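Here is a walk through one protein chain, from its overall make-up to single residues. Keep the sequence and the model side by side.

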Amino acid sequence: MNQLLNHHISNRKITTLVENKTTYNADYAELNIYETHKYAEKVSLTFDFPVIASMLTGKKVMHLENMPSFDFFPGESVVMPTNKEMVIDFPVANLKKPTQCLALGIDSTKIDEVVDKFNNHVAIERENNNWKLSNNASHLINNTDVNHLVERLVYTFTKNTSSKDVLLDLMIQELIVRLLQTKAKAFLLNDTDGVFNDTRIGYVIKYIKQNLTNKDITVDLLAKKACMSASHFHKKFKNTLGVSPIDYINSEKIKFSKKLIKETKNLRISEIAYKSGFNNTSYFNRQFKKMELMTPQQFKASVAK
């Protein structure tokens, strides 16, 4: 991400050391890049349009309505509805290593347009779903597709090319779909009342969660559990959750491995990998870095501080 910001950094002007804002405009959207160069507390931000905020560098502590306060790191995003306040602390910002964050604002009419298309193509079996972006803030972690989109959006917004608006329009549509898929995924994963258990995808999600550290979970096995062909199951799963079955399983295993790293001090990385359901330490390391933007060893060092 630092390389993507080079063009921005070489052209932006600094007028304040706390939440210095640079704005890039496009059809249906604007990108604001915020930079804070010193320690600060209780900085308030509110937007009059829906926003997805993504951390680029450094660390924030976020205080949002109806949510416990949480640390906000690079690779994570927050979806903020219109006119919802963010109160932010900057515990580690300094002149040499500023905290950098972006806020992508999207026109509501564009969101409604994409939501209508999404609802016409995606539904959970036997449920009359009408997905829409939430009126409450949400915190996104381990969403690789959203992270990749954010990187592409930053690059495209900060470069002046003749195809800029066309490319941004396509990426913004994809981003909205990814967020809607994230919501559908959350409904399935947090279905404490068992509403979706009798759907085939819901049943498979429950099976994966109950057998997460099983090293023999395959797409063929899950397709049989769902009573579908492997190809149809793969397509149905990805359309509903926005990720392939294997990527979903790996993301859940990585989440479990992070919990192990935090709670156990003496386990080697190879032991963490094995206990998290990975047969191969090298594959575990690659998947961890892909999803967390750091190696397991780097993550272990960061939580040990």
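Helices (H or I, at least four residues) and strands (E, at least two) are DSSP runs, numbered from the N terminus. By that count the protein has eleven helices and ten strands. This is a predicted model, so local features need pLDDT of at least 70, side-chain atom pairs count only at pLDDT 80 or more, and totals for chains, interfaces and linings use all residues. Residues are numbered from 1 along each chain as its sequence is written, and side-chain values use heavy atoms, with hydrogens and water left out.

Start with the whole chain. Buried means under 20% relative accessible area, exposed over 50%, and partly exposed in between (1.4 Å probe, protein chains only). Of the 305 residues in the protein, 49% are buried. Contact means heavy atoms within 4.5 Å. Take the contacts between residues at least 6 apart in sequence: 67% of them join residues at least 24 apart.

Now look at helix α8, residues 245-263. Its 19 residues reach 27 Å from the first C-alpha to the last. That is close to the 27 Å expected at 1.5 Å a residue. The expected span is 1.5 Å times one less than the number of residues. The buried residues of α8 include Pro 245, Tyr 248, Ile 249, Ser 257, Leu 260 and Ile 261. Charged side chains are on that list too, among them Glu 252, Lys 253 and Lys 258. An α-helix has 3.6 residues a turn, so residues three or four places apart point the same way.

How does α8 sit against helix α11? The two pack at an angle of about 45°, with their axes 9 Å apart. Axes are lines fitted to C-alpha atoms, for helices over the stretch in contact, and angles run from 0 to 180 degrees between N-to-C directions. Angles under 35 degrees count as roughly parallel, over 145 as roughly antiparallel, 65 to 115 as roughly perpendicular and the rest as oblique. α8 and α11 are therefore oblique to each other. On the α8 side, Lys 258, Ile 261 and Lys 262 make the contact. On the α11 side, Pro 296, Phe 299, Lys 300 and Val 303 do. By class, this contact has four nonpolar, no polar and three charged residues. Ala, Val, Leu, Ile, Met, Phe, Trp, Tyr, Cys and Pro count as nonpolar, Asp, Glu, Lys and Arg as charged, and the others, Gly among them, as polar.

Helix α5 (residues 200-210) and helix α7 (residues 230-241) pack at about 85°, with their axes 11 Å apart. α5 and α7 are therefore roughly perpendicular to each other. Ile 201, Val 204 and Ile 205 of α5 meet Phe 233, Lys 236, Phe 237 and Leu 241 of α7. Six of these contact residues are nonpolar, none is polar and one is charged.

Move on to the loop between α5 and α6 (219-225), where Ile 217 lies. Is Ile 217 buried or exposed? Ile 217 is buried, at 9% relative accessible area. Leaving out residues up to four places away in sequence, Ile 217 touches Asn 211, Leu 222 and Ile 249. Ile 249 is also one of the buried residues of α8. Ile 217 and Gly 277 are 60 residues apart in sequence, yet 9.6 Å apart in space, C-alpha to C-alpha. Asn 279 sits in the loop between α9 (269-275) and α10. Asn 279 is exposed, with a relative accessible area of 64%.

Phi of Asn 83 is near 60°, a positive value in a residue other than glycine. Asn 83 lies in the loop between β7 (77-80) and β8 (86-90), and at 53% relative accessibility it counts as exposed. Leu 293 has a positive phi of about 60° although it is not a glycine. Leu 293 is in the loop between α10 (281-292) and α11, and counts as partly exposed at 46%.

Thr 22, in strand β1 (residues 20-26), is buried at 13% relative accessible area. Beyond four places in sequence, Thr 22 touches His 8, Arg 12, Leu 31, Asn 32 and Ile 33. Gln 173, in helix α4 (residues 164-189), is buried at 18%. Apart from neighbours within four places in sequence, Gln 173 is in contact with Lys 110, Val 114 and Lys 117.
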